[in-house]
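I opened the model to look at its strand pairing and its helix packing. My entries follow.

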Amino acid sequence: MELWQDHYSTLQVHPDAEIEVIQSAYRRLCKKYHPDVNPSPQAPERIKAINLAYETLSDAPSRRAFHGEWMRRLGRRPAGHVQNAGAHTEVRERVVYVNREPAVKQPPKDEGTPEASAVIKNYFNNISERDFRSAFGLISDIDKQRFSYGSYVEWQESVAAIYRIGTFKAELFKRHDDLRIDPERRYRAEEFKVSVAEKDMRTGKLSEYSFTKFAVCENGVWHVYLGYRDLTPLLVQFKTMASTKEEAVLLTQWEQYREHHELRLGLPNRKAFETYVSREAYRYRRYDRPFSVAVFYISLPDRISDEGHRDHIIKYVGYIIKKNIREIDHAAWLGDDRYGLLMAETDKRTALQAARRILRTVRHDVAACFDFEMDMRIGVTPYNGASTDELIASCMRTVDASGAAAVKKAQ
């Protein structure tokens with residue numbers, strides 16, 4: 001049986017996609033399905049198909065040949081001549097679009113409170129124009145209590161030396177009537193999705209990405225909430241990037257960061273988690289310090305099908321877990337709806353108590369922020385000399401057992 005692969009479908013690109021789009025899609029899929037980061041048994045075959053698709057579509061002659069075959073298989077004939085009984089008849093494709101149903105009038109899009117939307121847009125306008133004094137005046141009092149004007153300007157100038165904002169767009173993502181930002185107060189807030197196109201001043205390359213930013217209402221006035229507790233790591237990062245003398249160091253650090261993080265989520269990945277376990281295992285063997293590994297399994301409702309929305313929730317849950325662990329503990333995204341948590345100097349009983357506390361906090365905060373109950377289970381295993389894969393597998397057996405018990409109890 002002939003096996004034929006639709007390379008456009010494999011790379012998830014349009015048949016008319018430019019080479020830059022194909023390259024971007026290839027890099028994104030490699031990060032997701034490479035066997036080094038994806039434990040799925042199907043990952044090796046998937047990455048082979050991805051590599052074959054990229055090799056074909058990135059080479060102009062190969063792509064032309066494939067495109068012709070693709071059109072033939074889908075029954076799409078280009079303009080041409082059909083010879084019939086000695087006569088030549090020109091046959092052209094004709095596509096007719098018929099609007100069978102009357103257009104449904106869409107409700108007006110919620111653009112957010114005008115003042116909140118305006119403060120977000122003014123902030124990024126000031127950043128793009130390098131008016132950092134005005135930008136600092138728009139951030140929240142909470143941020144101003146955490147870092148000074150001088151450190152803020154120094155940070156923004158180090159960023160501007162590398163990246164220059166070209167265009168941006170802000171759209172309302174979610175309203176929050178009772179958002180807890182600090183332990184003592186709750187705020188009315190609006191969360192905006194900000195899409196930015198920027199230029200790398202070192203390479204001249206243009207790139208686009210999206211993130212979310214909060215506008216909070218303080219004493220009746222809207223401000224931008226940045227949420228950084230300390231700007232020092234950001235200053236070090238961007239000053240290093242701006243230094244051409246340390247370009248090699250920068251590239252090494254960036255590659256290490258990419259290797260150990262899920263970039264679309266901003267969370268450490270499975271490889272980072274293996275590193276955490278390896279370091280703690282060394283302390284266990286040398287100093288006899290116990291530690292435990294926990295796995296949190298989450299199940300989002302089927303109605304949340306948008307990939308961007310799911311990623312936002314996954315990132316938010318990771319943020320809650322990280323906020324509720326000690327500095328000596330480590331959390332990571334393991335993929336397949338699982339988070340890993342390494343709890344240093346804990347036995348199973350202590351680790352289970354801490355994991356249950358985190359689980360309750362996650363459920364409460366997700367229900368308050370996204371208005372749905374999250375199905376979330378945990379498994380905890382103390383370190384006994386096993387490998388990281390064995391520890392995770394042991395935790396997952398506990399998770400599966402608890403899920404089966406819950407189903408049986410419900411029945």
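Which residue of strand 5 is the bridge partner of V196? I found Y209 in that place. The model is predicted, so I kept in mind that local features need pLDDT of at least 70 and side-chain atom pairs 80 or more, while totals for chains, interfaces and linings use all residues. Residues are numbered from 1 along each chain as its sequence is written, and side-chain values use heavy atoms, without hydrogens or water.

Sheet. I looked up strand 4 (residues 185–200) and strand 5 (residues 206–218): they run antiparallel and 12 bridges join them. An open sheet is formed by 4 strands in the order 3-4-5-6, with antiparallel pairing; a pair needs at least two DSSP bridges. I noted strand 3 (163–182) and strand 6 (221–225) as the edges, each pairing on one side only.

Helix on the sheet. Helix 5 (residues 114–128) touches strand 3, strand 4, strand 5 and strand 6, contact meaning heavy atoms within 4.5 Å.

Helix pair. I then checked helix 2 (residues 19–33) against helix 3 (residues 43–57): they pack at about 165°, axes 10 Å apart. Axes are lines fitted to C-alpha atoms over the stretch in contact, and angles run from 0 to 180 degrees between N-to-C directions. Helix 2 and helix 3 are therefore roughly antiparallel, a label for angles over 145 degrees. Among the contact residues I listed Y26 and C30 of helix 2 and I47 and Y54 of helix 3.

Key:
Helices (H or I, at least four residues) and strands (E, at least two) are DSSP runs, numbered from the N terminus. Angles under 35 degrees count as roughly parallel, over 145 as roughly antiparallel, 65 to 115 as roughly perpendicular and the rest as oblique.
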